[in-house]
Amino acid sequence: MSPRLRLRPTMLSDLDFVISVELDSQNLPFITPWERMQHEGAVRFPDFRHFIVEGGEHYASIGFVILQGCRNPHRSVELKRLVLRAKGQGYGRACVRLLKQMAFRDLRAHRFWLDVKQLNTRALLLYAGEGFVEEGRLRESVRLSVGEGYDSLVVMSLLDREYQARLAHGLEEPLPDLTPDAVLPRSGDTP
Ligand SMILES: CC(C)(COP(=O)(O)OP(=O)(O)OC[C@H]1O[C@@H](n2cnc3c(N)ncnc32)[C@H](O)[C@@H]1OP(=O)(O)O)[C@@H](O)C(=O)NCCC(=O)NCCS
């Protein structure tokens with residue numbers, strides 16, 4: 001059974017938490033941290049959705065998520081960032097399932113995509129297990145966070161029809177409606 005989890009829109013007062021999770025030495029190798037101003041922009045700009053992930057019995061803050069491309073004219077929505085403090089307890093999988101539902105059902109995406117560092121085995125396994133298909137690799141496109149050298153980015157995506165097929169085959173367990181109002185299309189969003 002999936003662990004208890006919900007998303008709520010990030011507020012500017014959450015950004016100390018967001019930045020502390022991002023700068024955690026367990027997470028730094030897998031992401032390129034942002035300046036506070038970039039997070040502020042993602043909280044404010046309508047093309048983004050920035051969420052705090054809350055989980056566990058008391059819905060404590062356990063991480064954050066950023067979606068980008070919510071107004072993309074090609075309906076290509078990016079899972080820009082997913083970072084959790086609590087690892088290996090199933091929250092990542094539960095969160096990706098919720099985000100897929102949000103992308104395809106609420107934001108009406110045609111394509112939900114992401115890139116992930118090649119060294120990030122855990123995230124690669126998670127996304128592949130959730131139906132994301134590898135599109136290709138951007139060879140040696142990011143510097144290693146420690147020491148010399150480069151890593152490659154693996155671009156992965158899931159298309160609307162692939163998600164619908166997963167639903168039809170029972171591969172997407174039905175989720176309670178946990179979508180915060182803030183994710184619903186805003187006026188001016190691409191239909
Ligand atoms: C990547 C991340 C979101 C995954 O969330 P999580 O809660 O740790 O993952 P889950 O417990 O849901 O496990 C998901 C899958 O990851 C894989 N996995 C879990 N722990 C692993 C480990 N120690 N080593 C390798 N793979 C592992 C397994 O395939 C697992 O699925 P399974 O348990 O059904 O076999 C989280 O670990 C994280 O925030 N990591 C740092 C930041 C990051 O890498 N973000 C993604 C950038 S693209």
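**Entry 1**

I started with Arg-75, which I found in the loop between strand 3 and strand 4. What I am reading is a predicted model, where local features need pLDDT of at least 70, side-chain atom pairs count only at pLDDT 80 or more, and totals for chains, interfaces and linings use all residues. I count residues from 1 along each chain as its sequence is written. My helices (H or I, at least four residues) and strands (E, at least two) are DSSP runs, numbered from the N terminus.

I looked up the backbone of Arg-75 and noted a positive phi of about 55°, although this residue is not a glycine.

Is Arg-75 buried, partly exposed or exposed? It has 19 C-beta neighbours inside 10 Å, so it counts as partly exposed. My cut-offs: buried means 20 or more other C-beta atoms within 10 Å of a residue's own, exposed means 12 or fewer, and partly exposed is in between, with C-beta atoms placed from the backbone.

Next I checked Tyr-59, in the loop between strand 2 (48-55) and strand 3. Tyr-59 is not a glycine either, yet its phi is positive, at about 50°. With 14 other C-beta atoms within 10 Å, Tyr-59 is partly exposed.

**Entry 2: the whole chain**

I counted 5 helices and 7 strands in the protein chain. Along the sequence I read the pattern β-α-α-β-β-β-α-β-α-β-β-α. The radius of gyration is 16 Å, close to the 16 Å that the globule rule gives for 191 residues, so the chain is as compact as a globular protein of that length. For my own reference, this radius is taken over C-alpha atoms, and the rule is 2.2 Å times the number of residues to the power 0.38.

The C-alpha trace spans about 45 × 40 × 35 Å along its principal axes. Buried residues make up 29% of the 191 residues.

**Entry 3: the sheet**

In what order do the 7 strands lie in the open sheet? I read 1-2-3-4-5-7-6, with mixed pairing. Two strands pair if DSSP finds at least two bridges between them. At the edges I found strand 1 (5-9) and strand 6 (133-143), each pairing on one side only.

I then followed strand 7 (residues 150-159), which pairs with strand 5 (residues 111-117) in the antiparallel sense over 7 bridges. Here Phe-112 has Leu-158 of strand 7 as its bridge partner. Strand 6 and strand 7 also run antiparallel, joined by 7 bridges. I saw Glu-134 opposite Met-156 in strand 7. The hairpin of strand 6 and strand 7 has 6 residues between the strands, and Gly-147 there takes a positive phi near 80°.

**Entry 4: around the ligand**

How many residues surround the ligand? I found 21, and the closest are Phe-30, Lys-87, Gly-92, Arg-93 and Leu-125. A residue counts as near if its C-beta atom, placed from the backbone, lies within 6 Å of the molecule. Strand 4 (76-84), helix 3 (91-106) and helix 4 (121-129) are the elements that give two or more residues to this shell. Helix 4 gives the most, with 6 residues.

I sorted the shell by class and got 10 nonpolar, 8 polar and 3 charged residues. In that sorting Ala, Val, Leu, Ile, Met, Phe, Trp, Tyr, Cys and Pro are nonpolar, Asp, Glu, Lys and Arg are charged, and the others, Gly among them, are polar.
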